[in-house]
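Hi everyone, thanks for having me. Please have a look at the model on the screen, and then I'll walk you through a few parts of it.

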Amino acid sequence: MSHAALAQTVEETGTQEPTAEVQVPAPPTDIDLPEVEPVITDEEFDEAIPEIDVEDDPALEGPLESIADFERRIAAEQGDALPTEDQAPPLGDPALADGDTAEEIGDAPVRDAELAAPLPPLGEFDVEPVEFAEQADDQEAVEVAYTVQVNGLDEVDEEADTALADMFDDLSALGEGDGEAANVAQVAARLTEDSALLQRILAAEGWYQASVATRIDRSEGEGGQPLTAVLDVVPGQRFVFSGIVIDADPTEPPGLIRDNLALQVGEPIVAERVQGAEARVAVTLPENGYPFAEVGQRDILLDQDSGDGIYTLPIETGPRSRFGAIETTGDLAFDAEHVEVLSRFERGELYDSRDVDDLRQALVATGLFNTVSVTPQPSGEPAGDGTEYATILVEQEAGPPRTIAGSAGYGTGQGFRVEGSWTHRNLFPPEGALIGHAIAGTQEQGAGVTFRRSNAGQRDRTFQLRAEALHSDYDAYEAFTGQISALISYDSTPIWQKPITYAYGVRLIGTNEQDYDFATEELDRRTFFIGGLTGQIGLDQTDSLLDATKGFRLTALIEPEGSLQDGFTPYVRARLDGSAYFSPTDSIVLAGRVRLGTIQGIDRFDLAPSRRFYAGGGGSVRGFGYQELGPKVQLDNPDFDPTDPEEEDDPFIFRPIGGRSLNEAAAEIRYRFGNFGVVGFVDAGQVYEDSLPQFSDIRFGAGIGGRFYTNFGPLRLDLAMPLDRQPGESRFAVYVSIGQAF
């Protein structure tokens, strides 16, 4: 310890007691130092100093004056700066400022008389602007142009599964600067940042010993620009797995974890693959009876010499479990018994997190909650085979049950339409809704009330009672209709697409309609009373409810009805719909549809016009107006004025009268690119007076459509026109809706 260090130590202790004296030996005096040759000799130094002529300045021979005498002399030479009688003394003389002539540091001498002058009033203070040699607008910020050069990454890029160069380009700070920087320092900062970025990218692909050297090269251009920011990559060896260790209790089946951990000995240690493999295990375990499994923090032990890595993954599997009781807490919209109706699992089944997620989605779809959660809870109750029951806890927070909704739209042949509704979704728990609705449009007006119980004793089964009064004024018919109906249906939903669906019900209809009487060749009003049943069954083997790309659908509808006026006249309405889908590539879908319909047991004249078959429109044959196809009668146009020379309306109108059979077909080519799509289509169809389709006089419509794909289905916009257009038919038609045409 040196003497200074020891003294410092003692001082820091702050000890006041007597201390031992420290003897510091004197430096030796008998050391022989080597002679050092001077840089220049004394003679050369004297010759280099210029001679001073004292005759020119006699003061050089006298002694040096003191600082105080020097300051007094300077003050005397600047006599015009001395203060007047009514001024404070300037800070030029030590005695002038404070009367102290013995200051170690005297007051600054007065150099300028302006310093002693009084300050002008603020209102008279005038500041002259600083004049620049050039206009400020002409001063442009100096920018540095640069290019980026990465060396040594090509061979790494070829070995890696990921395009590392592209990844670097996307994240590079130099690249984000777009080749321009404020100065060289900014280029250097970006270069440093990109060096660290490259090391992270390489480490994520298994090159843990990679080094990146950086430099900035100047070019031979003006000012050395553009600069070149250079990154030299030396990747080193790539680390691989030499061992994979799973630290977990035994599972059932035994290979459940290892079989789903997609990592192999000998493969490179790639961060993305490791994270993906662990995520797969974290998902697989709850899907196979382990709801409380937790994947711990991995450990990878790297050998810097051999390039090997031993991977260890700790996992707490928790007890293997089966579905137990359902419990619910919070602000309830309905009880645990109805939650069981919505669930698609039974008590005692092996726990599967996919069933829990499905239950959560079904609860959300009811629209009765602000928030709802579904989580498993350990019960500790044994369930046999080394398993135990897991309680399913549903935490509810009921939301507002009432909804007011409205919509507006326009359809070719249907005119403008505004519809509003009021709904109490849970007036009769559980999920017993009361709905009031009203329609106001150019061709349709009406109101009605509906009672609907959703999930009535079974998931997605609906019971509905409906009463409504409606006035319809279409080209095909004009009617005042009252209806009471009851329907039970089991339908597909976006959450659960079912292979088989069904519906059955009953209805009573009273309607007063305008119809064409061939006997009188005039329009006449008639009243019809109809009672009937309805039954429908559907088979769905497609991959999507709203945007199918493969598979097929079949739907059969049978409606036994009877005309109740003037006795009882039974008849049957039946319709068969089928569609198929095929994808030759990921972006192209070929789709086709057919529809056949028949009415047996009644003449057309005895059938209410609203119960006949019609074709044309967005869900039928595009290019034609709503219900425009089929048999027609020619009538005088009441809006035609033969006396008006500028009259542009046709003197006649063609009124569809419907038929007892129909056939339709459609073909589409759908091309999707990103979230957009283009569709070309041809539709065909016809309605016949006979009770069976004749497949003759087929009318065609063709068009093109656009699609915008969302997470709930595609938005559809179609433009179509009829081929071989006939008098009275639309020139073109536009259709907008959600979902594909079929």
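Let's begin with a pair of side chains: those of His437 and Arg466 make a polar contact at 3.4 Å. A polar contact here is a pair of N or O atoms within 3.5 Å; within protein, one must be able to donate a hydrogen and the other to accept it, and residues adjacent in sequence count only if both atoms are side-chain atoms. Do keep in mind that this is a predicted model, where local features need pLDDT of at least 70, side-chain atom pairs count only at pLDDT 80 or more, and totals for chains, interfaces and linings use all residues. Residues are numbered from 1 along each chain as its sequence is written, and side-chain values use heavy atoms, with hydrogens and water left out.

So where does His437 sit? It is in strand β14, residues 432–441. Helices (H or I, at least four residues) and strands (E, at least two) are DSSP runs, numbered from the N terminus. Is His437 buried or exposed? It counts as buried because its relative accessibility is 9%; buried means under 20% relative accessible area, exposed over 50%, and partly exposed in between, using a 1.4 Å probe and protein chains only. Not counting residues up to four places away in sequence, His437 touches several others, including Glu419, Ser421, Val449 and Glu468. Touching, or contact, means heavy atoms within 4.5 Å.

Now let's move to the largest nonpolar core, which has 22 residues. A nonpolar core is a set of buried Ala, Val, Leu, Ile, Met, Phe, Trp, Tyr and Cys residues joined through side-chain atoms within 4.5 Å. Among the members that touch the most others are Leu164, Val187, Trp207 and Leu231. At least two residues come from each of β1 (144–151), α6 (164–171), α8 (184–204) and β4 (227–234). Helix α8 gives the most, with 6 residues. In soluble globular proteins, nonpolar side chains tend to be buried together.

Let's stay with α8. Its buried residues include Val187, Arg190, Asp194 and Leu202. Setting aside neighbours within four places in sequence, Val187 is in contact with Val144, Tyr146, Leu174, Ala181, Ile216 and Ala229. At the start of α8, a side-chain oxygen of Asn183 comes to within 3.2 Å of the backbone nitrogen of Ala185. After the helix comes Gly206, with a positive phi near 105 degrees.

The open sheet has 4 strands in the order β2-β1-β4-β3, with mixed pairing. Its edge strands, β2 (180–181) and β3 (211–217), each pair on one side only. Strands β3 and β4 run antiparallel, joined by 7 bridges; two strands pair if DSSP finds at least two bridges between them.

One more helix: α12, residues 353–365, buries Ser353, Val356, Asp358, Leu359, Ala362 and Leu363. What covers them includes α10 (271–287), β9 (321–331) and α11 (336–342). Just after α12, Gly367 takes a positive phi of about 75 degrees.

To finish, the whole protein chain. How many helices and strands does it have? There are 12 helices and 29 strands. Of its 742 residues, 35% count as buried. Among contacts between residues at least 6 apart in sequence, 56% join residues at least 24 apart.
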